[in-house]
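Let's take a friendly walk through this model together, moving from its cores to its charged pairs and its loops. Keep the viewer open as you read.

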Amino acid sequence: MPEGKAPAGELARYKRFLKDEAARLKKLHRSSGLGREVCMARAAVIDALLQHLLRTAIGLAPLGKFKKVPSLAVIALGGYGRGELNPHSDIDIQFLCEDRLLNDTQPHVFLKSITDTMLYTLWDVGLKIGHSVRRVRDCVEEANKDMQSKTALIEARCVTGDEALFKKMEKVVHAKCVKPYIDEYIAARLEDQASRHARHGNAVTMQEPDIKNGCGGLRDYQNLCWLMHFKLGYRSVEDLEGQKVISKIDAERLEAAYSFLLRARNELHYQMD
């Protein structure tokens with residue numbers, strides 16, 4: 001993708017890039033590609049597009065009174081934050097900015113230019129984008145509002161931009177939103193799991209299972225990861241294995257089952273084409 005050209009004039013090129021990559025991923029899936037493999041590959045495609053768009057948007061944005069480019073990062077949330085994107089899943093991103101770019105009334109012209117350039121381009125190429133614009137202090141406030149917001153931020157990932165700003169956000173969120181609320185979060189997660197299971201029959205043998213939210217579905221695996229992050233500071237099942245909490249064979253079984261469910265969900269998404 002060419003650098004320096006206004007994204008509005010490159011929509012055809014972006015659409016072709018996404019179409020070609022979507023075809024490649026569908027071919028990978030049809031040739032028995034693992035569920036995790038295909039989802040991670042789609043996340044990498046979106047990463048590449050966002051990285052290009054941010055570089056281009058920064059080159060076009062007015063600095064105003066700033067003498068150098070202010071700190072800004074584009075971070076991935078939700079499934080995208082985990083590096084897992086099913087073929088038609090929404091893409092949740094957050095523009096993380098330094099304090100001086102955003103006040104309580106309106107964003108700085110530099111920030112507005114960046115977000116407008118990127119979001120309008122992403123919408124115009126047909127992507128389903130969920131977005132927010134926040135400072136570090138806003139992330140803390142948002143994370144402490146409810147369990148879902150907190151979960152989204154603890155599995156956030158920096159896609160492009162100022163890595164140091166992202167690391168600062170991670171550190172502050174952990175100190176102010178994770179450590180003081182470990183028991184409360186775990187209790188809320190277990191309650192959510194119980195109510196979710198009840199809604200789906202409290203059984204893994206449903207004839208028409210909900211792959212995402214049903215008993216033994218994707219959300220149960222993700223819930224395990226969220227709970228172990230809060231309780232033990234781990235990020236993945238590999239961490240559990242490495243710390244001898246579970247055996248290597250159990251870790252492999254968990255990963256295989258999760259990847260299978262992702263593959264099943266990918267197939268359902270492709271049936272929508």
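Before we start, one convention: a residue is called buried when its relative accessible area is under 20%, exposed when that area is over 50%, and partly exposed in between. Please also keep in mind that this is a predicted model.

R82 has a relative accessibility of 28%, so R82 counts as partly exposed. In the whole structure, a search finds 23 salt bridges.

Two further pairs deserve a look. R134 and E142 form a salt bridge in which the closest N and O atoms are 3.7 Å apart. R134 counts as buried, at 17% relative accessibility, and E142 is buried too. The other pair is E170 with R235, whose side chains meet in a salt bridge at 3.8 Å, N to O. This one links distant parts of the chain, with E170 in helix 7 and R235 in the loop between helix 9 and helix 10, 65 residues apart. E170 is partly exposed, with a relative accessible area of 22%, and R235 counts as partly exposed at 45%. Some salt bridges share partners: R36, R82, E84, E155 and E255 are joined that way into one network.

The largest nonpolar core has 34 residues, and L50, Y80, I93, I114, M118 and L127 are the ones that touch the most other members. Which elements give two or more residues to this core? They are helix 1 (11-30), helix 2 (35-60), strand 1 (72-76), strand 2 and helix 4 (109-124). Helix 2 supplies the largest share, 8 residues. A second, separate core of 16 residues includes I75, L153, L165 and V173.

Helix 2 also holds H52. This histidine is buried, with a relative accessible area of 2%, and the side chain of H52 makes a polar contact of 3.1 Å with the side chain of Y14.

Next, follow the chain to helix 5 (residues 136-143), which is mostly covered, with 6 of its 8 residues buried. Those buried residues are V136, D138, C139, V140, E142 and A143. What covers them includes strand 2 (91-97), strand 3 (129-134), helix 6 and helix 7 (163-178).

Helix 6 (residues 147-154) contains K150. What does the charged side chain of K150 do in its buried position, where it has no salt bridge? Its nearest side chain of opposite charge, E184, is 5.4 Å away, and a salt bridge needs a nitrogen-oxygen distance within 4 Å. The side chain of K150 does make a polar contact with the side chain of N144, at 3.3 Å. Leaving aside neighbours within four places in sequence, K150 is in contact with A143, N144, C177, Y181, Y185 and F230.

C177 brings us to the cysteines. A search of the whole structure finds 0 disulfides. For C97, the nearest cysteine sulfur is that of C139, 8.9 Å away. The sulfur of C177 is 8.7 Å from its closest cysteine sulfur, also in C139, which is too far for a bond. C97 counts as buried at 1% relative accessibility, and C177 counts as buried at 0%.

Finally, come out to the surface. E191 lies in helix 8 (residues 182-199) and counts as exposed, at 59% relative accessibility. N202 is found in the loop between helix 8 and helix 9 (218-232), and has a positive phi of about 55° although it is not a glycine. N202 is exposed, with a relative accessible area of 56%. K244 lies in the loop between helix 10 (237-242) and helix 11 (248-270). The phi of K244 is positive as well, near 65°, and K244 counts as exposed at 72% relative accessibility.

Terms used
Residues are numbered from 1 along each chain as its sequence is written. This is a predicted model: local features need pLDDT of at least 70, side-chain atom pairs count only at pLDDT 80 or more; totals for chains, interfaces and linings use all residues. Side-chain values use heavy atoms; hydrogens and water are left out. A disulfide is a pair of cysteine sulfur atoms within 2.5 Å. Buried means under 20% relative accessible area, exposed over 50%, partly exposed in between (1.4 Å probe, protein chains only). Helices (H or I, at least four residues) and strands (E, at least two) are DSSP runs, numbered from the N terminus. Lys and Arg count as positive and Asp and Glu as negative; His and the chain ends are not counted. A polar contact is a pair of N or O atoms within 3.5 Å; within protein, one must be able to donate a hydrogen and the other to accept it, and residues adjacent in sequence count only if both atoms are side-chain atoms. Contact means heavy atoms within 4.5 Å. A nonpolar core is a set of buried Ala, Val, Leu, Ile, Met, Phe, Trp, Tyr and Cys residues joined through side-chain atoms within 4.5 Å.
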